[in-house]
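User: I'm new to this one and would like a quick tour. Can we put it on screen and start with the overall picture?

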Amino acid sequence: MRYVPFLITTLVTIALIILFNSTLLLPAPLGKILSPQHGIWQNAEPADQDYNEQVSIPGLKAAAEVYIDDRLVPHVFAQNAEDVYFIQGYLHAKFRLWQMEFQTHVAAGRLCEVLGDEVNGNNLLNAVDRQFRRLGMGYAAEKALEESEKDAETKAEMDAYTAGINAWISRLPESQLPIEYKLLGYKPEPWTNLKSSLFLKYMSLDLAGSEDDFEYTNARTVFGWEDFQKLFPTSQDSLDPILPKGTLFEQAGLALKIPVDADSLYFQRKDSTAITQTKPDRDNGSNNWAVAGSKTKSGAPILCNDPHLGLNLPSLWFEMQLSGPGYNAYGATFPGAPAVVIGFNDSCAFGFTNAMRDVRDYYEIRFRDESRKEYFFNGEWQPTEFRYERIRIKGKPDFVDTVAYTLFGPVMYDTTYDGKRNTGGRNYSVRWKAHDKGNALKMFTLLNRARNYDDYYSALQYLDVPGQNCLFASKAGDIAIWNQGSFPAKWARQGDFIMPGTDSSYMWQGTIPQAENPHEVNPERGFISSANQYPVDPSVYPYFLGGSYPPYRGITINRHLSSMSDITAQDMMKMQTDNYNVFAEMARPLLTKYIQTGALSEAEKKCYDILRSWNLRNDPDERGATVFVLTWDSLETEVFSDEYAQTDLTLPWPHESTLLEILLKDSAFRFIENINTPETETTASVITAAFKKAAAKYIQLESSDDFLWWDFKNTGIMHLARIPSFSSVHLPIGGGQHIINATKSDHGPSWRMIVHLSRETEAYGIYPGGQSGNPGSRYYDDYVEDWVKGSYKKLWMMKKEQAADKRIKWIMTFNKGA
């Protein structure tokens, strides 16, 4: 019996050895994760973490200094441009390496390599890796890089940035690997210029990858052309465009030829797709505005910008100052790419909102046979090109995807891959502007150095995709905006539906000439603004705009700016965090007009009183905002769900502005009638029924104490790998859709910036995160609380002679190594 304890101990030891060296519990061996020398314990930073460092690195051309302030913002001072970008790459990697590489792995379709092909029941091979590769993300990045590296300055910039990242990686011991590498069980690989290009294409997907071609084709098939145009109009009654109504345009410089069979073939097309594809958030947008000195207290312009993107930790942005010969720029940078993206320099400021144009279309391809070696185009069989995508899968053999390419672009869907669509055996090639050669990075480089409007205008010529509303203000007093990008010149409704790809009739016929892109310089009204609304009145612009344009934030912004004078930076802070809901202002009278109060119970009447007395602000503690959103959501379901349920096709949902504007002018709207009931519904009966259902939900929320707006909205900032303990959740912040403070549950203002271009620049900013990408650092999410409150940080454009300033906490000295 004396051998029994020994046997038990031996078995336990063997079991622990197996457990600690296996991936049964986590993607990485538990033993490595818990190792005292190399494991996760090494990632906890002390409160007094020392960032002072003397760095001697081969690749630098001269000595340089980085002064890190009390918010962990680096102020880089170098003697030449290449060293500025080298050090920027080094610092991006030092503070954000895992984030940078993870995002480029996603863009390249390489998630299976890191996570395996199944995560929480989701098949990453088909849902992410094959989808991204078949969209041509790698192909697009390669073409952009080829074009960028033709420019000697851009190539030198990218080479230096890449070298800086790799200098950090080469010095990184295993114990100091970012914690995500340890938890997921992999290591960083050398950075390349292609990775930076991939990251920029990832942003292009987020901002210029949205389309509804399949869904619109389905809707046209199900509802018919007349109803389709009502449900998905190409303008709005409430339109308040970027360029004011009444702006006139000359005849199009590019004459477009509409296919003669468009009505019979294109608009009458049948399709049977059922879509489950993940798409960019349709609210990926932003606010920006600039006010001229004529409207400010100081007489100097003020520029404001807050891009609305997914809320993640680590944050998309990294704040820094880049100073070299001939330029001195400060602002938000992208870890993964060089230069300042949104910010200011000693002469001017610049910011962006998304142009929202549709630059991604699908064409049906007819292959000669199943080999896909030839496709029919313009009466001839054309040879197909193939791209062989090798997808590595963790723990499994590689998967090779053979992707056909036509003159339109990659065949994203065919008989070998349907992307969970019921494509009926059809083949669809995607034409995406992001596939074209371009050097958009050059724009940011030139904007960082811009001194005046002419410099800004010259820089814009490099922006091809994603199209943006590029805002500018200068100390010389100029304000300007260009709706800028390489936009396809389209005829009415071109690209809204799947197009035939058997000849050139439906191809893009050219690019809108630069001079015809909507723009405004120093307007008489004294301000310029954009909030993703239509750039112009579509009825007078000579080209079809396409895309999706929410109107309400723009309306609110223009109201404010029209009525304001003696404006200060503090006024702009208040405006940028404003929670007023102009959509509700327009919609509530419709609801209260038709809700039949005599049919409400006592509990429902209390909900009605909450809605009626609400101050129309989506502040955190408001109850009326919750009741309103529940009511409108319920109304949309009540109006459309019966018609939508008659098909298993995936259909797009009309914009909220569409339903509101239809009901305001047509109380006999056909969709009010429920096709599943014998009764004849009226606008009053439908709105009342919708409200009663909304009231029931609100009463239930009250019982669980989740009825205040911030509770109901439930804003959270999730870690990129969706690790709950590394996330910041259930934040008490107001705002929402259609509101200047456009904070939704997982999407919102990702960087708020205000720049007062006074003699001594006065600038403020904040983003929902922190400078460090390490969850064990106090700088990981230290901005979140202030972001929630609507507070700002002073953006300090440091001068080198201020090195002894008390705000400087650490100094990194860079020397040229042997």
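This is a predicted model: local features need pLDDT of at least 70, side-chain atom pairs count only at pLDDT 80 or more; totals for chains, interfaces and linings use all residues.

User: What does the C-alpha trace span along its principal axes?

Analyst: About 80 × 80 × 70 Å.

User: And what share of the residues is buried?

Analyst: Buried residues make up 59% of the 818. The accessible surface comes to about 31800 Å². Carbon and sulfur atoms account for 52% of that surface.

User: What about contacts between residues at least 6 apart in sequence: how many of them join residues at least 24 apart?

Analyst: 73% of them do.

User: How many positive and negative charges are there?

Analyst: The protein has 82 positive and 102 negative charges.

User: Which domains is it divided into?

Analyst: Domain 1 covers 362-433, and domain 2 covers 582-713. Their C-alpha centres lie 44 Å apart.

User: Let's zoom in. Where does Ser196 lie?

Analyst: In helix H9, which runs over residues 193-208. Ser196 has a relative accessible area of 2%, so it is buried.

User: Which residues does Ser196 touch, leaving out those up to four places away in sequence?

Analyst: Met158, Tyr161, Trp191, Gly336 and Ala337.

User: Now helix H11. Is Phe228 buried or exposed?

Analyst: Phe228 lies in helix H11. Its relative accessibility is 0%, so Phe228 counts as buried. Beyond its neighbours within four places in sequence, Phe228 is in contact with Tyr216, Ala219, Arg220, Arg493 and Phe497.

User: How many residues separate Phe228 and Tyr216 in sequence?

Analyst: They are 12 residues apart in sequence. From C-alpha to C-alpha, Phe228 and Tyr216 are 8.4 Å apart in space.

User: And Gln229, which helix is that in?

Analyst: Helix H11, residues 225-231. Gln229 has a relative accessible area of 35%. The cut-offs are under 20% for buried and over 50% for exposed, so Gln229 is partly exposed.

User: What separates the C-alpha atoms of Gln229 and Glu82?

Analyst: A distance of 53 Å. Along the chain, Gln229 and Glu82 are 147 residues apart.

User: Is Asp70 buried or partly exposed?

Analyst: Partly exposed, because its relative accessible area is 39%.

User: Switching to the backbone. Is the peptide bond from Leu313 to Pro314 cis or trans?

Analyst: It is cis, with omega near -10°. Pro314 lies in the loop between strand E8 (312-313) and strand E9 (318-324). The bond from Val465 to Pro466 is also cis, with omega near 0°. Pro466 sits in the loop between helix H14 (453-460) and strand E20 (468-474).

User: Fine. What is phi for Met356?

Analyst: Near 70°, a positive value in a residue other than glycine. Met356 lies in the loop between strand E12 (348-354) and strand E13 (360-365). Its relative accessibility is 10%, so Met356 counts as buried.

User: And what is phi for Asn714?

Analyst: About 55°, which is positive although Asn714 is not a glycine. Asn714 lies in the loop between helix H22 (709-713) and strand E25 (715-719).

User: Is Asn714 buried or partly exposed?

Analyst: At 38% relative accessibility, Asn714 counts as partly exposed.

Technical notes: Residues are numbered from 1 along each chain as its sequence is written. Side-chain values use heavy atoms; hydrogens and water are left out. Buried means under 20% relative accessible area, exposed over 50%, partly exposed in between (1.4 Å probe, protein chains only). Contact means heavy atoms within 4.5 Å. Accessible areas come from the Shrake-Rupley method with a 1.4 Å probe; for residues, only the protein chains shown count as cover. Lys and Arg count as positive and Asp and Glu as negative; His and the chain ends are not counted. The place of a charge is taken as NZ of Lys, CZ of Arg, CG of Asp or CD of Glu. Domain bounds come from an automatic or database domain assignment. Helices (H or I, at least four residues) and strands (E, at least two) are DSSP runs, numbered from the N terminus.
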